[in-house]
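The structure is shown first.

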Amino acid sequence: MSLYTPHLMRIEEVRRETPDVKSFKLRFLDPAVAERFTFRAGQFGLYSAFGEGESTFCIASPPTWRDHIECTFRAVGKVTDALSKMEEGDVIGFRGPYGNSFPIESFEGKDLLFVIGGIALPPLRCVIWNVLDLRDRFGAVRIVYGARSVADLVYKDELEMWEERPDVELVTTVDPGGETSDWKGKVGFVPTVLDQVAPPSKNSLAFVCGPPIMIKYSMPILDKLGFAPTEIYTTLENRMKCGVGKCGRCNIGGTYVCKEGPVFTAEEMLALPMTSDY
């Protein structure tokens with residue numbers, strides 16, 4: 001089989017997360033492919049709308065969920081528009097997994113802090129669920145998640161589940177003006193709320209993913225809290241097209257995000273020329 005030939009996957013479930021964001025639950029058509037398929041938290045795939053092309057998303061579900069994979073995407077172009085019109089039972093293509101991953105085993109015994117903005121929750125959802133499925137191996141799990149408005153929060157049902165768990169500390173926030181009359185979370189930008197809750201950094205690791213402006217203003221807060229650049233992880237998507245380092249579209253300087261990423265420590269990310277001002 002060619003490197004560029006996708007496997008076929010059936011859409012088992014479609015969930016609308018926000019007005020322009022959907023999630024797919026996918027299963028391989030070929031049982032043999034399903035049986036041998038493995039991946040690690042943080043890896044990504046290329047998803048095909050036949051006749052329209054491919055688009056790159058993270059695998060948003062954890063490797064501990066063996067019978068399917070999930071992806072979440074926003075309709076922003078030709079391919080994602082076509083995918084967003086698909087229904088349960090339709091078939092798409094999938095290539096992957098590609099890229100590096102979060103070194104989950106090295107996190108054991110650590111407290112974990114997740115700082116997330118908007119549609120950037122899917123890349124870290126896989127890590128969060130991976131950790132929760134192996135909960136006794138890790139310390140405290142703290143999540144600070146925000147979006148522009150209540151309507152822009154994704155995985156609302158899972159946020160409720162995490163909020164109810166005694167072994168998870170969840171803080172949700174929306175930007176000023178994005179709250180509703182029944183909103184019970186915080187109102188404020190993610191870096192501001194992170195500064196307010198001030199989670200401890202001792203024996204902790206931080207995971208940051210969101211819009212560049214959110215990352216930029218979260219980094220000084222984490223530095224103030226005592227997180228070293230080697231203790232902060234992020235995941236990037238930078239114009240990835242082929243997924244295997246052939247097309248050159250995702251390079252940042254001499255780094256190919258699709259092969260050397262998408263997971264980077266802050267120390268590695270700050271060395272990249274296009275992210276040096278974060």
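## His68 and its polar partners

The side chains of His68 and Glu70 are joined by a polar contact of 3.0 Å. The side chain of His68 also makes a polar contact with the side chain of Asp67, at 2.7 Å. These values come from a predicted model.

His68 sits in the loop between β4 (53-58) and β5 (69-74). Its relative accessibility is 10%, so His68 counts as buried, the cut-off for that label being under 20%. Setting aside residues up to four places away in sequence, His68 touches Lys25, Leu26, Arg27 and Ser61.

Strand β11 spans residues 204-209. Of its 6 residues, 6 are buried, so β11 is largely enclosed by the rest of the structure. Both faces of the strand are covered. Ser204, Ala206 and Val208 are buried on one side, and Leu205, Phe207 and Cys209 are buried on the other.

Two strands pair with β11. Strand β7 (residues 111-117) runs parallel to β11 and is joined to it by 6 bridges; within this pairing, Val115 stands opposite Val208. Strand β12 (residues 232-235) is also parallel to β11, with 2 bridges between them.

## Ser204 in β11

Ser204 lies in strand β11. With a relative accessibility of 4%, Ser204 counts as buried, again because the cut-off is under 20%.

Which backbone oxygens does the side chain of Ser204 reach? One belongs to Pro200, at 3.3 Å. Another belongs to Lys202, whose backbone oxygen lies 3.1 Å from a polar atom of the Ser204 side chain.

Leaving aside neighbours within four places in sequence, Ser204 is in contact with Asp111, Phe227 and Glu231. Of the strands that pair with β11, β7 covers residues 111-117 and β12 covers residues 232-235.

## Summary

His68 is a buried loop residue with polar side-chain contacts to Asp67 and Glu70. Ser204 is a buried residue of β11, and its side chain is placed 3.3 Å from the backbone oxygen of Pro200 and 3.1 Å from that of Lys202. Strand β11 is covered on both faces and has parallel pairings with β7 and β12.

Technical notes:
Residues are numbered from 1 along each chain as its sequence is written. This is a predicted model: local features need pLDDT of at least 70, side-chain atom pairs count only at pLDDT 80 or more; totals for chains, interfaces and linings use all residues. Side-chain values use heavy atoms; hydrogens and water are left out. Helices (H or I, at least four residues) and strands (E, at least two) are DSSP runs, numbered from the N terminus. Buried means under 20% relative accessible area, exposed over 50%, partly exposed in between (1.4 Å probe, protein chains only). A polar contact is a pair of N or O atoms within 3.5 Å; within protein, one must be able to donate a hydrogen and the other to accept it, and residues adjacent in sequence count only if both atoms are side-chain atoms. Contact means heavy atoms within 4.5 Å. Two strands pair if DSSP finds at least two bridges between them.
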